[in-house]
Structure formats: C-alpha cells, structure tokens
Amino acid sequence: MSHIKNLIPNTVNPDLQKERTGAEFNVEEFSAWWQGGQDKLKTKREIEKAIFSDLEDGYGIDHEYMSHEEVYNSSVKKVADAAIKLKALQNKLNPGGNDIWPGVLFNVHSHGLFPANHPVATHITMFVDVIKGQGTPEQVEKWGKAAENCNIIGTYAQTELAHGTNVRGIATRADFDPKTDEFVMHTPNLEAYKWWPGGLGHTANHAMVVAQLYIADVHHGVQMFIVPVRDAETHMPLPGIDIGEIGKKLGMVSVNQGFLGLNQVRIPRTNMLMKFAKVERDGTFKASPASRVNYLTMVYTRCLIVNLNSTLLLEAATIATRYSAVRRQSPIEPNQPEPQIIDHVTQRLKLFPEIANGMAYHLAAEHMWEMYAQTVQEANNGKFDRLPDMHILSCALKVLCTTDGCAGIEKLRLSTGGHGYLTAANLSNIYGNAVAAYTYEGENTVLLLQIGRALVKAWASFVEKKPLSASYSYFATSMQLKEFPKWDNSWQCIIKALQYTAAQKTRIAFENLANRMASGQSQGVAANNTGIELVRAAELHGRQFVCQTFLEQITGAKAQKRSAALNKVLENVLELFLVQTVLNNLNDILRFINLTDADLRSLQKRLEVSLEKFRPNAVAICDGFEFHDRVLNSVLGSYDGNVYPRLFDSAKRSTMNQKPVQKSFETYLKPLMKANL
C-alpha cells in the first residue's frame, strides 16, 4: 500500500495559476466570443453543471479496463441514462428546442458524457438530418420526430466493403416492383455489403441505405431509402437482413460500426426519400431539379467534421499547453532551476501553431455553416447555383482540417513526452477519434483530386473569359499581374501570395493536363498522370480560403464588438497562423514569387516574435475554449494542473493493482524463475 494519501489537492498548481494571472486579456470575454455570446456561454455552463456534477468516480477511465463487449454495453447504458437528464434539461432551459436533447449526443459535451464514444451519434448527425433535409413533409412527419426522440434509431449506410468515396460505384440495388408498389433492396455480392455505418452493428433498427435505383431495369442514379433492419420489439434482424459489427478499430471504441447485407428485402415505395427526386405509383421517375442535390448531405457532414476535428485539436492543445506550464525540465541557463518547458522556444513551436490552426478551422467552419444555411434556403426555393461551390469548399476544408488536425494532435502528444503515451492522458483517444475522419465522408486524396478537377474546369472557363463563381475570383486578380509585387510583409500580401501561388499551380496543372491529352492520352489517363499537380493546386486553393476567412473573422466588422485587448491577442494568433502557413508552403511560393533573403529572414523573425507574444496568453487562451475537465478527461490537462497526483491516482486505479500478485505468477512466472534452464 502507498504511504501517500489524499492524492489530489483542492488547490491549483501555482505555475498554472501564475499563467492565468499574467494573461493580457479578459478570459471571460474570450469565452463569450468563442461560444457565440454571453447567453450561450451561460447555458453551456448550466448544461455542464447538470450533466457532469453527479458522475461517479472513475467515470472517464473505467472503460479502458473493460472488454470490447462490456465497453459497448456500458456506452449504451450511458446514452440511456443521459437521455433522461438531457430531455429534462431541454424542457427546463429551451422547451421545444433540440440543442440539448438530442444535441448533446454529438456536441463537445458528448466527449465528457461518453468517454468511449457511443453508437447513436450517426443516428443523430446523419439519419435524422437527412430525413429532415431530403424527406417530404409526410416523410418528416412519419420518421423525423420519432427518430429525433430516439423512438427509432437509424444509421446512414452508404459506404460498401469495396466502394467508399466513389459513390457512383456503389453496387447495392433498389429495383421498383410496380405490381406491389415496393422497392426490392438487394446486395448483389460480398463487395457490395454496407460497411462502416456507425451504430449499425447492434444498435440501429433502421438504415438509410444509399442504393442504385432501377425501374424496369433502367438506371436512375443513386437514391436514399429507409430500410427497417431489426424487429421493433425483439431487436432481432428482420428476414433477408445479414447484419453485425465489423470489429475493433484504432479508435471510436463503442461506435458499433457494422456491416449490412440485403437479400431481396422489400420496402414500400414511400420509403425512398422524395423531397427532390420522385418515383410515382406507376413507376414514373421524376429527376431531382439539381443532379448534385444529394451533395447537401455530404456538405452538411463535412461541416460537422470540421467542427469536430478543430475541437479535438484544441482539446489536445489545451492538454499539452497546461502540461507544458506545469512540467519543468532542462535548464536554459547552466546552474539555474529547471524552467517550465513552455519557456523553451522549440516547445512553443509545437504548441502555439496548433492552437492557431484549431482556431482558424473553427472559424472557417462557422463561416461554412452560414453559407450552408443560405444554400439550403436557396435549394428549398429551387435554386441550386451555390451547390457546386459549397461542395468544393467543404471538401477542401474537410481535407485540410483533418490532415492538419491529425498531424497536430500527434505533435501535441509527442510534446508531452512519455506521459502523453498513457491512455489516462487521453491524447491517444483524441487522436483515434480524429484520424478516422481522414478517410470517412471522402478519403482526403480522392477529395483533393475532385477539387483539382473542379479547379482546371474553372480555369478553362477563365481562359475562355466565361463568368466564374466568387471562390475562383482570385484567378483574375492574380493573372492580371505580370509578376508578384514587392513583398511588403502585410497580411493582405500573404493572402495575395497564397492566391497567386494557387492560381499559378492551377494554371500549370491545367496546361500539363492539356498537353498530356494533346499527346494522345485519354482524359482519364491524363488526369491520373496529372494527379500530383492537381492535389497540390487543390490544397493551396483550400489554404488561401482558410487564410482569407480567418483574416476576415479576426479583422472584419465583428472585431468592433470585441475589446482592444482581446483583438490584440487574436491578431497575434492570426499573425502566427499566416506566417506559419507561408513558411510551410515556401517550396511552391518561391517558384512564382521572388522573395529576398531579407524577406525570408523577416518571416522567420515574425514567427519568433509571434511565439514570444503568444507565451503569456497561451494558458488563458486555452481556458477560453471552456473545455470542461470531463470533456478533456486527461490527467495532464485538468484545470487545476495537479498533473503528478492525478497520474499516480490513475495508476492506482488500474485493475491489475487491485491485488498484489497476479494469478500468472504461480502458474507461469514462478516455475520460470525456479527452472534450471
């Protein structure tokens, strides 16, 4: 037994308190801005007090010592228990709304309520919203309300065992039978089994199945169908349904991703979502007024992904930054006390750019949600002009946020040294949740190639002097320049440099694609051979958009609502983000822009100065994100900064430490030690 009692003190680590006292802005103002206003911040805190205050000791770590099946069943219990709390809280704080129930099942609070994830998130984020967004009023009435209240639980079944991002390649069929007014849903082969939908394994009793529609053996594209998969009372699979879980993954422990095979399963004609495309009783097919209307679902989901991954990145940054303010190591001056590791410039370079990245992507996502709302409103009124742009921008944002976010979380884990390797640090769980988004809802390289093809198509229109949408307006402004103007170190100069480089990379990709086709290559082969250039142009297109959006969010009209002190801090975050973006992309920028040695030295100096200015505010900025300790679920990142007591307390909780000698000692270890080998 340990002689150390009362492990975790009730006080805040003095180093962490010193950081908070030294902040140069009001954290409460930052928090209110970050949450979208003081009222939202107040509501957030009320929700957290209600849902987190009575959680039992060990709530966030116990699942680490459970079996796979135990973790799943425990998470289902947590959802059921939370539902009672959340429904009551919804009625109390916002009757008739959905921000608490079921909203908390997938927002940041869910990270604290469900530390091993849970299997109902796909139901809430996709099944419900697809019905509401693409169902007729009658379909929304029939399924929407029941689904929103979890009276039925669904999932979104698009990906197949052998078909993912290429939606057109999906092989599941829906054949209309005019005699019975039904669709016959069928999985033609093993490769066409639905694979990966969250909650499908043992949780959902309905699936939103994406399938190829055929009427009298004539193909009518990809449509969506609501298919019951389990009995409402017994939960047993229905006839013709082959269903189960796909097995353990790197992360998302209890999301219960599943497989689904359909063997001549019949559903009513009215189970096809028909807000846009329709099949009449006589089998007449009415196409959607916009062939890309189904992209609305993917745009919505990609916006959610950016919200999620920017949040996960900032959670990791908060953990690593707080730890770096507490951990002391490696004197900077000989014979001096060990400093906080946050005082090492190299440590700051690991931490602060990731905070800036998370903030940039969060604000870009907020901007995308505004654009999405406008797009949906226009689509409801029969206007679909904005859809292609939204699709491309959401692809770019999803790719960059997940790529940078995953790399950032791993960098932050490494910044915490050996302790970050412990599951109790929660960085591995955060990474496992984040990295899955690199491939779901469109594998990142495939999405970049889609963006690249859209870019060269837009460039062709530009060359032919045809009108372009606003997201490609930088083509004209960039190509009007005979050469890039003298570098003046302004933020606008950085934005224009990124746009100029993106335009030039698009031009080269376009020209090389055209040259390959002129030499006799087919369009497909030429596009494949131009893939490296298309991907790079696509990435730069996305980066200039994120930088431009971040600049507008920090320096635009909204800045007038913030104090000068807060704006000064935010402008330094912007400075760090823009300078780091330039430095990370110099290999392309220098190809088209003549930067002098003095310009490059200036950029390096600006990086170092921005890191120095960031230093006194880093902990306070992370506090401003308002991550509850239950959400971070980390021995390294708690608000009180009592890292070492929490590490030791966590170790004592290991199930192996509940008895001094393991049974393997007598059976195996002792004989081994006694043997004369």
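In the predicted model, the axes of helix 10 (residues 387-415) and helix 11 (residues 427-435) come within 9 Å of each other and cross at roughly 170°. Because angles over 145 degrees count as roughly antiparallel, helix 10 is described as roughly antiparallel to helix 11. On the side of helix 10, the residues that take part are Cys 406, Ile 409, Glu 410, Leu 412 and Arg 413, and these meet Leu 427, Ile 430, Tyr 431, Ala 434 and Val 435 in helix 11. Sorted by class, the contact of helix 10 with helix 11 comprises eight nonpolar and two charged residues, with no polar residue present.

A crossing of another kind is found between helix 9 (residues 345-380) and helix 19 (residues 597-614), which pack at an angle of about 80° with their axes 10 Å apart. Since this angle falls in the range of 65 to 115 degrees, helix 9 is roughly perpendicular to helix 19. Helix 9 contributes Arg 348, Leu 349, Phe 352, Pro 353 and Ile 355 to the contact, while helix 19 contributes Leu 607, Leu 611, Glu 612 and Phe 614. The residues of this contact of helix 9 with helix 19 divide into seven nonpolar and two charged, and none is polar.

Helix 2 (residues 27-35) and helix 3 (residues 38-52) pack at an angle of about 95°, and their axes are 7 Å apart. The arrangement therefore makes helix 2 roughly perpendicular to helix 3. The contact is formed by Glu 28, Ser 31, Ala 32 and Gln 35 of helix 2, together with Gln 38, Lys 40, Leu 41, Lys 44 and Arg 45 of helix 3. By class, the contact of helix 2 with helix 3 contains two nonpolar, three polar and four charged residues.

With regard to the division of the chain, domain 1 spans 152-288 and domain 2 spans 463-614, and the centres of domain 1 and domain 2, taken over C-alpha atoms, are separated by 42 Å. Val 535 is located in helix 16 (residues 531-555). When residues up to four places away in sequence are not counted, Val 535 touches Thr 445, Leu 448 and Leu 449. The C-alpha atom of Val 535 is separated by 43 Å from that of Ala 82, the two residues being 453 residues apart along the chain.

The second largest pocket has a volume of about 470 Å³. Its lining is made up of 20 residues, of which Arg 630, Asn 633, Val 635, Arg 646 and Asp 649 lie nearest the centre of the pocket. At least two residues of the lining of the second largest pocket are supplied by each of helix 21 (629-632) and helix 22 (643-652). The lining residues of the second largest pocket divide into six nonpolar, seven polar and seven charged.

Several features of the backbone were also examined. Most residues other than glycine have a negative phi, and most peptide bonds are trans. Against this background, the peptide bond from Trp 101 to Pro 102 is cis, with omega near 5°, and Pro 102 is found in the loop between helix 4 (68-93) and helix 5 (110-113). Cys 150, although not a glycine, has a positive phi of about 65°, and this residue, Cys 150, is found in the loop between helix 7 (137-148) and strand 1 (156-157). For His 235, likewise a residue other than glycine, phi takes a positive value near 70°, and the place of His 235 is in the loop between strand 6 (218-228) and strand 7 (241-245).

How values were computed. Residues numbered from 1 in each chain as written. Predicted model: local features only at pLDDT ≥ 70, side-chain atom pairs only at ≥ 80, totals over all residues. Heavy atoms only, no water. 1 Å grid on protein atoms, 1.4 Å probe; cavity = no way out; pocket = protein on both sides within 12 Å on 5 of 7 lines; lining within 4 Å. Points joined across faces, edges and corners; volume = space filled by probe spheres on them. Helix = DSSP H or I, 4+ residues; strand = E, 2+ residues; numbered from the N terminus. Nonpolar A, V, L, I, M, F, W, Y, C, P; charged D, E, K, R; others polar. Domains from an automatic or database assignment. Axes fitted to C-alpha atoms, helices over the stretch in contact; angles between N-to-C directions. Parallel < 35°, antiparallel > 145°, perpendicular 65-115°, else oblique. Contact = heavy atoms within 4.5 Å.
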